[in-house]
Structure formats: C-alpha cells, structure tokens
Amino acid sequence: MLNFVFLGPPGSGKGTQSAKLIEDFGFVHLSTGDIFRAELKSGSSLGLEAKRYLDSGMLVPDDVVVRMIEQKLDASPANAGFIFDGFPRTQVQAEALDRLLEFKGMPLQFVLLLEVPDAILRDRLAERSKTSGRSDDADSDIIEKRIRVYQNETLPLTDFYSQQGKLSRVPGVGHIDEIYARIRLALHI
Ligand code: AMP
C-alpha cells in the first residue's frame, strides 16, 4: 500500500496525473474538490455548505473538510493506496491527516509538490474553463484568489513535509508523459 499527497497550485496537473496513476496502479483517488463538486451536484447539505467557498475560491473550513476525509477513509476498503489530491491545504488539515493515517496504521509515504509558474497556471485554467464547466476556472478574479490562497495557506506545508523527509519537488511543466515519468520516479514505482 502506498499513500501519498499531491501538493500543487490550481491547474498544476494534480487531477490529470492522478488519473494516469489510478489507471496504471489502481490507487483510490481522494480529491476534496471533486467530492465537494459531487456533493453540490447532488444537492446534499454538505454541498450546500461548501458552495459559497467554492464559488469564491476560499477554503472550506478545516473541520468540515477533515470530517469528510475521515468518512471517506473509513468507507474505503483496503486497496493499492490513497492519492490525496487537493488535501491537505492547511497546517490543521495536514496534522489531522497524519493523526488519521497513524491511527489506521498506514502512514503517508510521499508528498509530491507539482511546481508550475503562475503565468502557465493562468493559461491552463483559462483553457480548462472551456470544458470543465467550473465557474471558478472561468473568472480571472477567482483564479487570482485561488492562487493567492494556495501561496498563503498551502505552500507553507512544504516546510512541514520536508521536515518529515517526505517532500519531493516535481517540475510540472512539459509533456504530460514526461511529468508522469518524473512522478513515478519520485514514488519509486
Ligand atoms: P480544487 O478542485 O482542488 O481546485 O478545489 C476547488 C475548491 O474546493 C477550492 O477552491 C475550495 O473552495 C474547495 N476545497 C477543495 N479542497 C479543499 C480543502 N482541502 N480545504 C478547503 N477547501 C477545499
């Protein structure tokens, strides 16, 4: 079993690369953004609670996110391992994830930071908005907000994980397959 986190700004390719890893290795994908969007679509109370944060590019409160991840972990059978995508995004979430996984006896092995310059992120998100149907990709003010929130709240986690000796920096620019090869190397798979 291999459990790892994809850290990276919006548009860095976490979802794209997760899809390739899932196809090749059968990991379970826990993408908090995908889960919130699915909850919103189904009209659940969690979706309604999360909506105003998703719409504005702000983070959903930590307690809501952590509770949701805990439930998903409990509901997922033993498997090849978990890809945490878009989670954790704050120090509180990172510490909660460590506690949850330690309790389950399946600690996090790697944290991959996909590094992409801001100008390329803006181009990719504008392109993605043509097909994603995501209102938060289509509005440049919200894109800027998400990039700022990432820099202020999430990027500091690189210190937390490099102190644990788990962080690998992966250049997220280039051909998709080339980036995928770098990721496999970092994961030793
Ligand atoms: P993403 O699909 O990862 O870009 O996430 C879309 C939106 O979902 C974010 O802008 C946040 O509003 C919310 N979200 C996703 N994951 C988290 C998280 N771990 N903590 C707080 N909010 C989150």
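# Ligand site, nonpolar cores and ring pairs

A nitrogen atom of the ligand sits 3.0 Å from an N or O atom in the side chain of glutamine 93. The model is predicted. Of the ligand's 480 Å² exposed when taken alone, the protein buries 96%. The largest nonpolar core has 31 residues, and six aromatic pairs are counted.

**Ligand surroundings**

- There are 16 residues around the ligand, and those that come nearest are Thr32, Arg37, Met58, Gly86 and Arg89.
- Arginine 134 has an N or O atom in its side chain 3.1 Å from an oxygen atom of the ligand.

**Nonpolar cores**

- In soluble globular proteins, nonpolar side chains tend to be buried together.
- Within the largest nonpolar core, Leu73, Phe84 and Tyr161 touch the most other members.
- Two or more residues of this core come from each of strand S1 (4-7), strand S3 (82-85) and strand S4 (110-115).
- Helices H2 (32-42), H3 (45-56), H4 (62-75), H5 (91-103) and H9 (157-163) likewise each give two or more residues.
- Helix H4 supplies the largest share of this core, five residues.
- Another core, of 15 residues, lies apart from the largest one and includes Leu2, Leu21, Phe110 and Leu187.
- Leaving out residues up to four places away in sequence, phenylalanine 84 touches Asn3, Phe4, Val5, Phe6, Leu30, Leu73, Leu97, Leu101 and Leu108.

**Aromatic pairs**

- The count of aromatic pairs comes to six.
- Phenylalanine 4 and phenylalanine 27 have ring centres 5.3 Å apart and planes at 85°; planes over 60 degrees apart count as edge-to-face, so this pair is edge-to-face.
- Phenylalanine 4 belongs to strand S1, whereas phenylalanine 27 is in the loop between helix H1 (14-25) and strand S2 (28-31), so the pair ties together parts that are 23 residues apart in sequence.
- Phenylalanine 4 and phenylalanine 27 are both buried.
- The ring centres of phenylalanine 160 and tyrosine 161 are 5.1 Å apart with planes at 70°, so this pair is edge-to-face as well.
- Phenylalanine 160 is buried, as is tyrosine 161.
- A cluster made of Phe4, Phe6, Phe25 and Phe27 is linked by ring pairs.

Notes: Residues are numbered from 1 along each chain as its sequence is written. This is a predicted model: local features need pLDDT of at least 70, side-chain atom pairs count only at pLDDT 80 or more; totals for chains, interfaces and linings use all residues. Side-chain values use heavy atoms; hydrogens and water are left out. A nonpolar core is a set of buried Ala, Val, Leu, Ile, Met, Phe, Trp, Tyr and Cys residues joined through side-chain atoms within 4.5 Å. Buried means under 20% relative accessible area, exposed over 50%, partly exposed in between (1.4 Å probe, protein chains only). Helices (H or I, at least four residues) and strands (E, at least two) are DSSP runs, numbered from the N terminus. Contact means heavy atoms within 4.5 Å. A residue is near a molecule or strand if one of its heavy atoms lies within 4 Å of it. A polar contact is a pair of N or O atoms within 3.5 Å; within protein, one must be able to donate a hydrogen and the other to accept it, and residues adjacent in sequence count only if both atoms are side-chain atoms. Accessible areas come from the Shrake-Rupley method with a 1.4 Å probe; for residues, only the protein chains shown count as cover. Rings of Phe, Tyr and Trp (its six-membered ring) pair if their centres lie within 6.5 Å; planes under 30 degrees apart count as stacked, over 60 as edge-to-face and the rest as tilted.
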